[in-house]
Amino acid sequence: MAMVKVANTMLALATLLCTACSSLDLGGLFDAQSPTIDERFAQSAAWNDSHPTRTLRIADDNYKVVFAADTHVGEHSVTLAALVDASSDAAALFILGDLTDSGQEYDAFAQQTSSVANLFVTAGNHDLFFGGWSGYAARFGSSAYTVEIDTDEARDLYILFDTAGGTVGRQQFAWIEQTLKERRKDYRHCIVGSHTNIIKDDISQLTSGNLPLDETYKLLKLFADYRVELSIEGHDHYRTTNHCRGVEYVTLDAACDAVANPSRLVISVGDKLTKEFAAILR
């Protein structure tokens, strides 16, 4: 009887992890061969070392960037197509994980975003399902990297990092810390983005929605110490905004076909940051 209860509990938890997504073979979620965060970060760092730094040059000192998450692409996504169209005037489009629904739809995602000149992504938990990391790495190379946007008058720093497995990991945390320590002083604004929530207001994802408490505390302190202005995440599918020690923590709505009111976060960047949530009209 006890074993039956354990099995039922595991099935329920797996089902919760698939909230707002299409049906999946739940056995594929528990892939013992899926790389750890340290292994994924090592691969990402190696890719970064062998490729040019991601730097954009913008003629105007004022520009827009768009953040979205949880596109959960199947064979086709009406919402993703609408997101791409609505973001055509942005300097860059950032999508913070759960690009795919089952870790297998990277070709469909790439095809539907092929018109985006400056697309930057990181991985979410769904992108690891069924051995999905290999597809992500083959298509995008890295899940932890920086993007620099330069204007005539200023430079802005964007840091994306990998929380697809629900943890930051020691090596990746050290990289985030080193990046902020060495580079933050040289930039006007600093925005960070990942998938799993640092702060959230509801329990829709139970404990799978948050990072471990020790990592949460260290990130809150680190971001405050180095004047990160915005920390943006997805995963929870419910929009929230919180503040801690001068840093604003934003959880995005999902941008997938399964939700009734998908949205994107539009950030106008100038001397100040101005943000607004905009509906994705399908």
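Guide: Let's start with helix α7, whose buried residues pack against α6 (170-183), β7 (189-193), β8 (230-233), β9 (240-244) and β10 (247-251). Packing here rests on contact, meaning heavy atoms within 4.5 Å. Helices (H or I, at least four residues) and strands (E, at least two) are DSSP runs, numbered from the N terminus.

Before we go further, a word on what you are viewing: this is a predicted model, in which local features need pLDDT of at least 70 and side-chain atom pairs count only at pLDDT 80 or more, while totals for chains, interfaces and linings use all residues. Residues are numbered from 1 along each chain as its sequence is written, and side-chain values use heavy atoms, with hydrogens and water left out.

Now to the helix itself. Helix α7 covers residues 213-225, and its 13 residues should span 18 Å at 1.5 Å a residue; the end C-alpha atoms are 18 Å apart, so the two values agree. The expected span is 1.5 Å times one less than the number of residues. The residues of α7 that are buried are E215, T216, L219, L220, L222, F223 and A224. Buried means under 20% relative accessible area, exposed over 50%, and partly exposed in between (1.4 Å probe, protein chains only). Just after α7 comes R227, with a positive phi of about 55°. Most residues other than glycine have a negative phi.

Which residues of α6 and α7 meet? From α6 come F173, I176, E177 and L180, and from α7 come K218, L219, L222 and F223. Sorted by type, the residues of this contact are six nonpolar, no polar and two charged. Here Ala, Val, Leu, Ile, Met, Phe, Trp, Tyr, Cys and Pro count as nonpolar, Asp, Glu, Lys and Arg as charged, and the others, Gly among them, as polar. The axes of α6 and α7 come within 10 Å and cross at roughly 10°, which means that α6 is roughly parallel to α7. Axes are lines fitted to C-alpha atoms, for helices over the stretch in contact, and angles run from 0 to 180 degrees between N-to-C directions. Angles under 35 degrees count as roughly parallel, over 145 as roughly antiparallel, 65 to 115 as roughly perpendicular and the rest as oblique.

Helix α6 has another partner in α2 (residues 37-49): their axes come within 8 Å and cross at roughly 45°. That angle makes α2 oblique to α6. In this pairing I37, D38 and F41 of α2 meet R170, Q171, Q172 and W175 of α6. The residues of this contact divide into three nonpolar, two polar and two charged.

Next, step back to the loop between β6 and α6, where you will find D162. D162 is buried, with a relative accessible area of 1%. Leaving aside neighbours within four places in sequence, D162 is in contact with I37, R40, T122, W133, S143, A144, T167, V168 and Q172. Between the C-alpha atoms of D162 and Q172, ten residues apart along the chain, the separation is 8.1 Å.

W133, one of those contacts of D162, also belongs to an aromatic cluster with Y106, F109, Y136 and F140. Rings of Phe, Tyr and Trp (its six-membered ring) pair if their centres lie within 6.5 Å; planes under 30 degrees apart count as stacked, over 60 as edge-to-face and the rest as tilted.

R245 has a positive phi of about 50° although it is not a glycine, and at 56% relative accessibility it counts as exposed.

Finally, here is the setting for all of this. The chain has seven helices and twelve strands, and 54% of its 282 residues count as buried. Among contacts between residues at least 6 apart in sequence, 72% join residues at least 24 apart.
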